[in-house]
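Trainee: I'm new to this one and would like to learn how to read it. Could you walk me through a few features?

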Amino acid sequence: MRAWFLATALVTGLLTNAQAQTPKQGGTLDYMIAADGGPSLDGHKETTYAVLHATAPFYSNLIRVNPENPSSTTDFICDLCTEMPTPTNGGLTYTFKIRKGVKFHDGSPLTAHDIAVSWNRIVFPPAGVSSAREASYPMVDSIEAPDDTTVVFKLKFPTLSFMPALADPWSYIYSAKVLEKDQHFYERNIMGSGPFKFAGQEIGQAMHGVRNPDYYHSGQPHLDGFNAIFAPKQQTRVDAMRADRAALEFRGMSPTARDQLVKELGDQVTVQESDWNCGNVFTPNHKRKPFDDVRVRRALFMAVDQWKGAEALRKIAIVRTVGGIVYPGSPFAATKDELSTFPGYATDMEKSRAEARRLLKEAGAEGLTVEMLNRNVDQPYIIVGTWLVDEFRKIGVTVTQNIVPTGPWLDKMRTGDFALAMEANCQMVVNPIADSGRYLPHDIYKENFAYHDDPVQVDIYNKMVRETDPAKARVLMRAYEKQILDIGAHQLPTLWFYRVVPMRSYVKGWKIGNSHYLNQNLANIWLDR
Amino acid sequence: MSATVIDDAPLPQRSFWQSTLRFCKRQPLGTFGLILVIIMAVTGFTAEWIAPYNPTANDFAAMTEPPSFAHLLGTDQFGRDLMSRIIYGARTALIVGLSSAVVGGFSGLVIGVASAYFGGLTDLIIQRVSDIVMAFPLIIMALAVVSIFGPGVHNVILAITIPLIPRCSRVVRSSALTIRSMPYVDAARACGFGHTRIILRHMVPNVVAPFLIMVTSFVGQAILAEASLSYLGLGVQEPVPAWGLMLQGGAEEYASTAPWIAIFPGVAIMLAVLGINLFGDALRDALDPKLRER
């Protein structure tokens, strides 16, 4: 009898556990986006999560990172393809077979032709079209669709960075027919084939989606719909979560916000944390005087005590790690010893700041007063910006901040209408060589706003991207990094972020990754309530 | 006979100090307000000498410290001394408050008097434009202006000044309309004086009393508007010490763990506006002949 009772209890427990893991259908997810809207709705053009978090649920991709393992650098699965391809022709050809029966939200069929046209728009944008990640695909020679179910990528040279770059969540598949009529349609409109259909938006305030009944992944999405609410202030987001007006915010909150929510909500809140392939970048506009002078740029970098700043700011902001241009923890990342030789990473700050003052004097820029463009997002832009302003004060440079919403912030950087800017380097799958392409000059990487020219830097990058020996590639990475941080003093990566995502415990099925761009189509999320 | 002697006797002349003493006796609340305004003004203008710390200097060894002997009002999340930031914040409030009130007030004065003096189509156009601007609450209008011109001290002053102009001009116009029909204005016209002279020499001095009261109340309104704009992230920007700005960001985030970050700037705003309003009310009573002898 006792044994039977135990066995029954065990089976009941297992069943209960299994039931707990079985996704429930239905419900509407209310989540927040820590921004006030993006400049456009075009994923190919934009670089801010303000756009991706609002639009990713509407679109499909060719491949994606496994949503069950989103921090992986190698675990990719098909979204629109049927099977992950094995490269042929010495690693130069990747042939994807495409699902049949997939439909765009307007009912038109999605074929390999749409995929090829979308990818060509990303890799080889036509005149007048801006592709933010064009520079991530120097290896791609051609993209073709020989028939309705086959897409072939041909490479110029074999490289390990191709597949991670292909899992780019921004690479929305657009309708070729729509693009043929208007290449800018997707900047203002949404029409995809993803798990949710567009159900309206209030610009800068909210985006709404409803379940796509024709979604091609069986059983998904679990939700009936979603409401994405733009809320740039962290305290607004905390209050919304506290009052259960929203379940979570996918990007991340500060440790203090996490502690506050855990303290107040107890087991009603669950927290997921991760290192983050994302950090702020301090960018002087090389086209503006006196920042056309490398001595002035170096001086500004030398004023910053990143090591001390990291220790303090990690308590109040979503930042944690001092790093160079490569995601800290990657084998390609610089060690502390390697970094400390660069301006902006000194450990003897008295000496570093004395040299900074000397450089300013030599360049005739003593007592410099300048404005720094920053984004109206408190975590961590305004906090890091405020910290930098005080660091610059220590070498006699007076910096004021011009803090503006995301749209104008990007517009000003894209038009070069700034002297100094606080921007960000946020990437997807950790792919050090491809990721560091964002430091290439503006002529090559359109979303680099330093507006500098550096043929040596470009030459090193081109060698590095073709290098298949990791040890040699690392050596080239160090030379590339030195060119950016030291010799050219083009840009200064400031602290790398640390991702803390508190969420209402009834939100299930979502796993944190080391990029806030990954795993955001909401198809696997369900509500346990 | 004796009555004639009394009528011809000169009015007793009071010195500035006598007048001030009389004001203080008759208007104790106004005096309290004046004291608060003077403290605020002195604090703002002597901030460099009296602030114990640099208001923008981070001190990571003293983040969110409660009030202590080292930091009398505590520190914020950057370790910045709150007392120093409040002292410098008084300067920001004064600059924005006074600039907006004075520029807005004087512009309103000139427009209001001119509108009343010229009358006709000029008056009609000015008043209808004023109606349009005044249809929007001050803060909404200021938000619109900041949205167009962007944040920053100068733009905030502009944003607050613009909605104050029609408010002042409307009040001044009503006083000026009465003065326009006075015989001495007709006499000035008959003498061939120009419009500018008649407006500035004969009309403006006679509307100064309501104008001064308006300007005083504008200072308080402007300080509140600046604090509101800064709180919304549209006013002055970090790390400029400003009371409204101090109430957003860290003040909200640390409201439960470090409440002093929110309390002290809030108290500063309250005292400043209270002081200006009390003083303004007392000034109105002192300048209004109907209320003066009550």
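This is a predicted model: local features need pLDDT of at least 70, side-chain atom pairs count only at pLDDT 80 or more; totals for chains, interfaces and linings use all residues.

Trainee: Which strand order does the open sheet of three strands in chain A have?

Mentor: In general, strands of a sheet pair through backbone hydrogen bonds, either parallel or antiparallel. Here the order is β4-β6-β5 in chain A, and the pairing is antiparallel. β4 (93-97) and β5 (140-147) of chain A are the edge strands with a single partner each, so one side of each has no neighbour in the sheet. From one strand to the next, the twist averages 15°.

Trainee: How many bridges join β4(A) and β6(A)?

Mentor: Five bridges, with β6 of chain A covering residues 150-155. Along that pair, A:Phe96 sits opposite A:Val151 of β6(A). Helix α3 (residues 112-123) of chain A packs on the sheet and touches β5 and β6 of chain A. The direction of α3(A) makes about 165° with that of β5(A).

Trainee: And how do I read two helices?

Mentor: Two packed helices are described by the angle between their axes and the distance between the axes. In chain B, α5 (residues 82-118) and α8 (residues 153-180) pack at about 35°, with axes 5 Å apart. Their crossing is right-handed. The residues of this contact comprise 20 nonpolar, 10 polar and four charged.

Trainee: How many residues does each chain give to the contact between chains?

Mentor: Chain B gives 17 and chain A gives 22. On chain B's side, six are nonpolar, eight polar and three charged.

Technical notes:
Residues are numbered from 1 along each chain as its sequence is written. Chains are lettered from A and ligands numbered from 1 in the order in which they are written. Axes are lines fitted to C-alpha atoms, for helices over the stretch in contact, and angles run from 0 to 180 degrees between N-to-C directions. Helices (H or I, at least four residues) and strands (E, at least two) are DSSP runs, numbered from the N terminus. A crossing is left-handed if the near helix is turned anticlockwise from the far one by less than a right angle, and right-handed if clockwise. Ala, Val, Leu, Ile, Met, Phe, Trp, Tyr, Cys and Pro count as nonpolar, Asp, Glu, Lys and Arg as charged, and the others, Gly among them, as polar. Two residues are in contact if their C-beta atoms, placed from the backbone, lie within 7 Å. Two strands pair if DSSP finds at least two bridges between them.
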